[in-house]
Amino acid sequence: MTGKLNLDHTAVEHARDVARSIADEVHHFVQDHTTTAIERTICRLLGIDGTDASDIPYPNILVNQLHEAGVLEEGAAFLIGNALANDLKNPQKVAEEAAAGNLDITKLPINDQESIREALAPFVAEGMRRIKNNKFERQRMISELGEGPQPYLYVIVATGNIYEDAVQAVAAVEQGADIIAVIRSTGQSLLDYVPYGPTTEGFGGTFATQENFRIMREALDEAGEKAGRYIRLCNYCSGLCMPEIAVMGAFERLDVMLNDALYGILFRDINMQRTIIDQHFSRVINGFAGVIINTGEDNYLTTADAYEEAHTVLASQFINEQLALLAGIPEKQMGLGHAFEMDPNLENGFLYELAQAQLSREIFPQATLKYMPPTKYMTGNIFRGHVQNALFNVASIWTSQGIQLLGMLTEALHTPFMSDRYLSIENAKYVFNNMRSIGEETYFKEGGIIQTRAKQVLAEATELLQEIRRNGLFESLQMGVFAGVKRPTNGGKGLEGVVNKGRNHLNPFEELMCEGGEEDE
Amino acid sequence: MNKRSRSHKHEVDLKRIKPYGDTLGDGKVQLSFTLPVESGAKAEEVARRLVKKMGLDNPQVVYQEGLSEGFTFLIVYGDCVHTIDTTIIDVPGLSHKRMSMGEIDEFIRSSIGRKIRIVGATTGTDAHTVGLDAILNMKGFSGHYGLERYEMFEVYNMGSQVPNEEFVAKSVEEDADALLVSQTVTAKDVHIKNLTELIEIVEAEGIRDRAIMIVGGPRMTGALAKELGFDAGFGPGTFAEDVAAFIAHRLVDQLDRAQ
């Protein structure tokens, strides 16, 4: 890399090595465990869908039965496969019969592994095929339609009503948006099930359901066809249903997923063991499905100071990169997060922002970096807010960011009006076009403010990584290393859904996805 | 310059206040909005008529842009015809003067003589803690330290998505003098429902008389807070000092009354 920051390569690789050993330790723990959410995901991959009369999803009913019977450790695939080997027709039938109380799959005679795998095989193949087809369909559409240049313009819709969201999203596409994210209803991350069907009521957002995914996908494909570029759809693969949302997204061809366990731990008080285990399988699915994951480091800066705590963002990016690699996610599908959140009254604040953005760019050269706009210092003065967003856009084009989450001038006031989105897209397009090659045309002064700042942040991040390696990631989170938030290992929501894998546990999808991810590239 | 501003003040008729562009009494107002109308001459005319109905004379559409099929964004200027008599307005506000962290600590030390105990949380389904942290966190916000930094406050910050029952239970356990609740999400008035429930629980627990109830958030006003049964509500532009001073004064009043 021909860096602008004059970074010491050995220092960067050293930091990366430390992060790798942190991630390896976490991964050992992950591999020994499974969760209710992972087993529900396997049910969905095997084709189980729908709800019973009281709206409880079949995957939940079945997995709860296994958990109550104390056999969750064997896993849904093993027990469903065994039911199939006992002549049941298909996984959906198994789930429906079990829900109706006509069948207890924990009481059936156990077949040998080989015949169980054989019974599962056609359903496993079908689940894999659905995901692969979507991946190819995305590639086909992009090569046919083309796509917007990076940084992709990312906007949010959040009306609570999926049909209204679609209207807003189509308008945003017409104005130039490349990625549409449908914000989830407040509190969905804490639901231990995924709601079903189309929804028209939400709080501060719209429920993530497979049907809502489908409705929005259809609207965006149509709008993209008209606009002559592929439009990416984004949702939130976090919370207690992390891997389930991943599989629903893979089935409905979502393109981008917020996907960060650290975020759930720190900001949603989700149990760290549960969500780190869930995260791994969700990332395996996202990696295989060609989905760009977005990590949530930017959020640290909404509670911690962006200048003083900048190194925590970099340290977390290093860890997230390594955890993503262990899940088979290619580098260009890594939307590592960071943000433009320094106090606007800070002298030379823009230079520090530039240093940070360039640092992320040079350390993760292949990543589709996700850059978040100012939110903390948006005051209600919409006029100044619009200028802050313009500076954010300048920093982004200068440092070649991948995904630009557009700032709204009405941030902190209300969910965006249609016109707010228009003004922010206009702002970004103006800046990006007007300054397109600024990065190629400029160098940073040797030993100047920007280079010095970048070196300092890298050094501090490395020091933090070493401390985290010494204590382990879980212990470090207990001590509050990120965002100034402390979380106990056994606290938070969802720990009851974690079990040690039993002798018979199998996850045929993870095996295939980890093998197959590479060859499709 | 000084002279001019004095003479300018003279001309202001406090009984007939209207917006100011660059000349007293011009009533200049700028608006921007979207109409669900296809862009073009007709959209402009719709905007002009609408703005006139709002009480703005000489409406001028200075910019319009089609946002999507059937939607037009417009920027419009007009001259407000209405006036307000400011002399008859009495705004119930927080009357005491702004104090610094040191002054507030000193005031508490001399008037109360012990630390004030505070429990804070974002309750209900709301997950936002930016506002809560701006007031409570050691670091505070924009150079204004949070209440944790004060010598005379003992702060329990429970974070976000705390059920109201747990919040109140913790407050009882800590024998809190004040309860601070933050609400950011206001879609479908979810905050109103949640805050009403909180007050009901506090009353049922029998601590409403001694606990100072405070709510903050981007859409919060003093008037709304009082209507919901809180002692005070703080909106945008609030810093920890404002909340600290209010609590300190209110507690002194309460203790005086109790004696």
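A:Gln168 counts as buried because it has 23 C-beta neighbours inside 10 Å; the cut-offs are 20 or more other C-beta atoms within 10 Å for buried, 12 or fewer for exposed, and partly exposed in between, with C-beta atoms placed from the backbone. The model is predicted: local features need pLDDT of at least 70, side-chain atom pairs count only at pLDDT 80 or more, and totals for chains, interfaces and linings use all residues. Residues are numbered from 1 along each chain as its sequence is written, while chains are lettered from A and ligands numbered from 1 in the order in which they are written.

A:Gln168 lies in helix α7 (residues 162–175) of chain A. Helices (H or I, at least four residues) and strands (E, at least two) are DSSP runs, numbered from the N terminus. Beyond neighbours within four places in sequence, A:Gln168 is in contact with A:Val157, A:Thr159 and A:Met418. Contact requires C-beta atoms, placed from the backbone, within 7 Å. A:Asn90 is 78 residues from A:Gln168 along the chain, and their C-alpha atoms are separated by 40 Å.

Chain A contains 20 helices and eleven strands. Of its 521 residues, 58% count as buried. Among contacts in chain A between residues at least 6 apart in sequence, 77% join residues at least 24 apart. The C-alpha atoms of chain A fill a box of roughly 75 × 50 × 40 Å along the principal axes.

Nine strands of chain A form an open, parallel sheet in the order β7-β6-β5-β4-β3-β2-β10-β9-β8. Strands pair if DSSP finds at least two bridges between them. β7 (334–335) and β8 (337–339) of chain A each have a single partner strand, so one side of each is left without a neighbour in the sheet. Three bridges join the parallel strands β5 (residues 256–258) and β6 (residues 292–294) of chain A. A:Val256 has A:Ile292 as its bridge partner in β6(A). Helix α8 (residues 210–227) of chain A packs on the sheet, touching β3 (179–182) and β4 (232–236) of chain A. The direction of α8 makes about 160° with that of β4(A); axes are lines fitted to C-alpha atoms, for helices over the stretch in contact, and angles run from 0 to 180 degrees between N-to-C directions.

Between the chains, 22 residues of chain B are in contact with 27 residues of chain A. Elements giving two or more residues to this side of chain B are β1 (28–35), β2 (56–68), β3 (71–80) and α4 (130–136) of chain B.

How values were computed: Two residues are in contact if their C-beta atoms, placed from the backbone, lie within 7 Å.
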